Every structure is written in structure tokens, then in C-alpha cells.
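Thank you for making time this morning. I would like to walk through one model with you, going from the chain as a whole down to a single side chain.

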Amino acid sequence: MSAYESDFETIIGLEVHVQLNTKTKIFCSCATSFGDEPNKNVCPTCLGLPGALPVLNKEAVKKAISFGTAVNATINQNSIFARKNYFYPDLPKAYQISQYEIPIVGRGNLEIEIDGRKKTIGITRAHLEEDAGKNIHEDTVSKVDLNRACTPLLEIVSEPDMRDSTEAIAYLKKLHSIVRFLKISDANMQEGSFRCDANVSIRPKGDSRFYTRVEIKNLNSFKFIQKAIEYEVSRQIEAWQDGKYTSQVVQETRLFDITQAITRSMRSKEEAADYRYFPEPDLLPVFIDEKLMNEATNIPEMPDEKLMRYTQTLGLKENDAKVLVSEVELAEFFECMLESGINPKQAQIWLTNELLGRLKGENTLKTCGIDSQNLSILVARVTSGVISGKSAKEILDVLVEQKGGDVDRLIETMGLLQVNDDNALLSAIDSVISANSDKVAEYKAGKDKLFGFFVGQVMKHSKGANPTRVNELLKEKLQ
């Protein structure tokens, strides 16, 4: 940060669009599947043809309520839809059905943490609306794919509470985690099912006024969101310092050019009046009855709650627990290991340190072929003394390499079964003691460090011996 940048405060508010994972679109029965042949999943309703009437998808309403519950928001039992009028090639009706005055989800909040510092970010609202289609530009030809048109969106609007790009990314990652744990969206940023518009402005430190804000549109990467915000802040501060703020910083929509890492002007920013909102005449007001409310508010354990349980009840270190709750797949894998009776600390170590440590590139927890049952069996064999920890790591290497396998069969074929027969171990111990009577005398005279020598000798005499049992039997003999 340059000297003059420290004289300014950044104001950031985010509008996050989450594509809900309902099977059908929000106002018709067309499929919402991604990657289908262009314009395959369309009908008179999502094409906006005359006479076609929308019907609200109940599942979209339930998912919106679930989100509101997770962020401590007010759920409006009565809400309405509105027409938001504007024309783009990817919006066939020339208006979007959205919510304006009374959204389903009202004010809420979520807590972020940066370097041990916690901060609460306000959520203004979260409203349901339909997505637009997709414009495809190829050389001199532009095409429109309307498969995405009418897909249910939950638009989550924050308060302007973030003061730098780091806070903005922390907020976005927390939101991303929440919708994934709720299972209301796959939140795949590459496919556009979790994307963000950032509203950015600056003001001199100590000034309480809000100045001109610029909207950076359609950001779908944490990395690019951070870069876009940081560039825009620098651009606005530079304009202020050069005395060109009023001419260069105007209320507009900008796009982020990822090749040059700069924002570019797209169009002037519309005000609410420009959209000519009015109640949607083809949809009845929404009333959420008690049954639907109870179903939708019965949400699973959220990441913060899991973190508290993992640290306070299971006794895990906070940093280890944070890794486990960072992804829903990790948390579910860990929970399944606990259900198999694995000690929480051992489950955490073998999952995050050993298994994840071996996964690289495109080989992920989803694709590695090793499920929670595989890993639980492996850990159980170590705990019961069937194999050593070192042998278990060798087996895990093979499981990762061949994308799964039978743990017990590998133990047998790789010859890694530990010797747990006390008679065989005592025979080896007796042989070592007999051959080293002088060292036995030294040990009994107080030279305790020799114990390691005896363990090593027994392990040599009895290949594959269980070291824990060797230690126990050897101590009894030497005493």
C-alpha cells in the first residue's frame, strides 16, 4: 500500500448470485442440467412466449429459507415477486422475474475471521429470481444459449461492511461454504453457479459519507475478485489524487479484464427506477405456511458449529478442525470415519495429513477411489496392532496409486502382517537377552538408554514384530 492509499478507506458491498440446484427451473418444468446441447432445455415459459404462465418452484423457496436460517436472517412469511424490466439478448421476455420490496429472506449476518480477528458482515437481503441465458461470442458471430434462462437464482446482497479485498474474499468463502454445507447449490464458480458483483467506492479516512460506487460485474474466481477490487480501489484513489475523481469515477458497471488485470467500463449503472419494478401479475403472492417453514428451517450442522464441536467435544486442535470444515466433502468423510469407531485424532491425522498429503493435481478426495470405509479399515488395523503405522503408509501409497483396493488383501499380499504371537516374541526376547548378558547387567545397573538397543535386536530377530508388544514384553523380562 502506497502512502497516499493509507489516507483512504475502502467501502465494499457484494451481490452474490447462487444458482440453486433444483431439478427444474424456477417457473417451469425444464431441466436445469449443465452442459447440455444449447437450447435443449427450453419451453414457452422460459422463452417468454405469449400466453405461457409461470408457476413457482416450491423447492427453490425451501432452499432460500434454509439459507436465511443459516445466516440468522428474518424469513418473510409473506413475499411477492416483481418484474424487473430491461432488455438483453439472453433475456427473451425483456424483463426478469425477481423480488424487490418484500424478499423471502430479510436482514441477516455472518461472521468472518481474518488472522484471528472476527468481524460481523451484515446481509441486507437474499431474494429469488430467474437467471438469464448465456451469450456466446465467436469471432464475428454472437449466439445465445437459453438453457440457463429461468434457472433459479438466490441473490445475496451484503451491507457495505467490508473494508478491503481480504475481508471481501473471507466473506465470499464463508458464503460459499454455507451454501455447499446446506447442499442448496454446487457453487461451482467455473460453471457460473456461484458468481459475484462487487460494489466498490472510497472515501477519505474519517469521512462518513458514501461516494460514487462502481459495480464490477460477473466475477467467478476468488483470485480475480480480489484482483479486480484492488485494481478498482487504486484507480479511484489515483483519480482522487489527480483531481479527476468526478470525471473518471462515475456510477457505472465495469468488467474485469483478466488478461491485463484491469477493470473496463461496460455501461452506465441503472438505478432502481430504470428497471420500472412492479408486482408480477402472473404470480400470486408467496405465503410460507408452518409446515414448509419447519421443513426448510431444519438445516444441517453448519461449518462454525462443526468447528466448535470438533474442538470442544472431540478435542481437536483448532487449525486441524478448520481444515476438516473447509470443504463439505472433507467433513462428511471425517464424520463417516467417526461412525466406524475411529478415534477422532487418528481419523483427522490419517485423513488430512496422510491421505490429502498424497493427493495431487486432479486426484482429489472425490476421484481418488478411497472412501471413508477404506481409510477406516486401514486405521483400525494400525490401532489393533495388525500392522504398523509405517506399513499402513505403504499400503496407503498403493491405494492412492491404484485408486482404491482391499486393505486386508494388500496387508496379506505385501507381507506386512505384524507378529503378535507372545510365545514367538518371548522366544526372540530370550535369545537377545542370552546373547547380551553384559548389556543386561549394564541396563539393570541404571543404563536405561540400552533399552532401545534391546528393542532393535528383538525386531531384527522377529521380522514384522509388533513394536508395542515387544516393548511391553521386554520391559517385563528385563525387570
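What you see is a predicted model, in which local features need pLDDT of at least 70 and side-chain atom pairs count only at pLDDT 80 or more, while totals for chains, interfaces and linings use all residues. Residues are numbered from 1 along each chain as its sequence is written, and side-chain values use heavy atoms, with hydrogens and water left out.

The chain holds 17 helices and 15 strands, where helices (H or I, at least four residues) and strands (E, at least two) are DSSP runs numbered from the N terminus. Its C-alpha atoms fill a box of roughly 95 × 55 × 50 Å along the principal axes. Of the 479 residues, 47% are buried, and by buried I mean under 20% relative accessible area, with exposed over 50% and partly exposed in between, using a 1.4 Å probe and protein chains only.

Let me take strand E1, residues 8-19, in which 11 of the 12 residues are buried. E1 pairs in the antiparallel sense with strand E10, residues 194-204, over 11 bridges, and pairing requires that DSSP finds at least two bridges between the strands. Within that pairing, Gly13 has Asn199 as its bridge partner. E1 also pairs with strand E9, residues 152-158, again in the antiparallel sense, over 5 bridges, and there Gln19 stands opposite Leu153.

Now to helix H10, which covers residues 344-358 and bends by about 25° at Trp350, the bend being the angle between axes fitted to the seven residues ending there and the seven starting there. Trp350 is itself buried, as are Pro344 and Leu355, among others in H10. Which helices do the buried residues of H10 pack against? They pack against H8 (318-324), H9 (328-339), H11 (372-383) and H12 (389-401), with contact meaning heavy atoms within 4.5 Å.

Helix H8 brings me to Lys322, which lies in it. Is Lys322 buried or partly exposed? Lys322 is partly exposed, because its relative accessible area is 30%. Leaving aside residues up to four places away in sequence, Lys322 touches Glu113 and Leu307. The side chains of Lys322 and Glu113 are joined by a polar contact of 3.4 Å, that is, a pair of N or O atoms within 3.5 Å, where within protein one must be able to donate a hydrogen and the other to accept it, and residues adjacent in sequence count only if both atoms are side-chain atoms.

Key: Expected span 1.5 Å × (residues − 1).
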